[in-house]
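I opened my notebook for a quick look at a few residues. Here is what I looked up, one entry at a time.

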Amino acid sequence: MTANHTVGILYALLGGICLSTSGVLMRNLEHADGWDVLFYRSIAFLIAIGLYIWYRYRRDTFRAVCAIGQPGLLAATLLGVCSVCYVFAILNTTVANVVFIIGSGPLVTALVAWVFIGERIRKSSLAAMLVAAVGIALMVADGMTEGGMVGILLALAMVSMFAFYLLILRSNRHIDQVPATGLSGFITIAIAAIMVDRFEINLHDFVICVSLGVFQFGLGFLFLTLASRHIPAAEVALFALSESVLAPIWVWIGVNEIPSRYTLYGSVLVFASVIGYCLISIRAEKRSD
């Protein structure tokens, strides 16, 4: 294992750790609703990513933003809507349901790539998708019996749109699309600004929103972006599963939110299938090298 490879793994783990804090932070809100969170979180996220882009490009910042083109604008729109779905998914079902459905993202992305751009899909990957589908079905059944169905549907919508977002990035990987990630903040702000009743929130909730924008969302995605420069995408997805492992633990410790039995059963299936898929993909990439 090279030093760069180790650094890449560390970045992916740190990205997952940052992303895993969303549930416990949002469960500690006092009065702010979902639209308040989206508005202030997105402003903080936009500033954080904007500073990073400016630091990287300096005088060429405007050119770097323009270079994303129409594909980048579409990617930004998808990610902006994903942010809306994510926040309201967390607010309408258990954190465990959301993060394990999101954890199936690598499988959903592979399926979308197969259907829309004809990327080859292995039989082992197809088997992993079927196992994950069973796990998600258990979570859906839990939502139907225990409540939280709206949150589960929003999480499913989010992971589907995020797969298309990744597909656009993959098809345009010759262009730095970090500015598109930043522009997604504008999309979310525009949507939230229409829906917010009042723009006044207390200091406690404001600090949480800023933490979500800078630390959880901004730093989390930045670490994953840096990881992708050092290790293959399959390894990034594998080690970023630290989000799915830690997020339910944080809310269990912080607010005593315990996943239901069906959620635990389903999460085991999703988690096992994604790990299996990532390990198979890593082995295949090493063989191709």
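**Entry on Asn256.** I began with the surface value: Asn256 has a relative accessible area of 54%, and since exposed means over 50%, I noted Asn256 as exposed. This is a predicted model, so I keep that in mind as I write. I then looked up where Asn256 sits, and found it in the loop between α13 (242-255) and α14 (261-288).

**Entry on Arg58.** Arg58 belongs to the loop between α3 (34-57) and α4 (61-66).

**Entry on Ser22.** Next I turned to a helix, α2 (residues 22-27), where Ser22 is found. Its relative accessible area is 2%; buried means under 20%, so I noted Ser22 as buried. What does Ser22 contact, leaving aside its neighbours within four places in sequence? My list reads Tyr86, Ile90, Leu212 and Gln216. With Tyr86 there is also a polar contact, in which the two side chains are joined at 2.2 Å.

Technical notes
Residues numbered from 1 in each chain as written. Predicted model: local features only at pLDDT ≥ 70, side-chain atom pairs only at ≥ 80, totals over all residues. Heavy atoms only, no water. Helix = DSSP H or I, 4+ residues; strand = E, 2+ residues; numbered from the N terminus. Buried < 20%, exposed > 50% of the residue type's maximum accessible area, 1.4 Å probe, protein only. Polar contact = N/O pair within 3.5 Å; in protein donor to acceptor, adjacent residues only side chain to side chain. Contact = heavy atoms within 4.5 Å.
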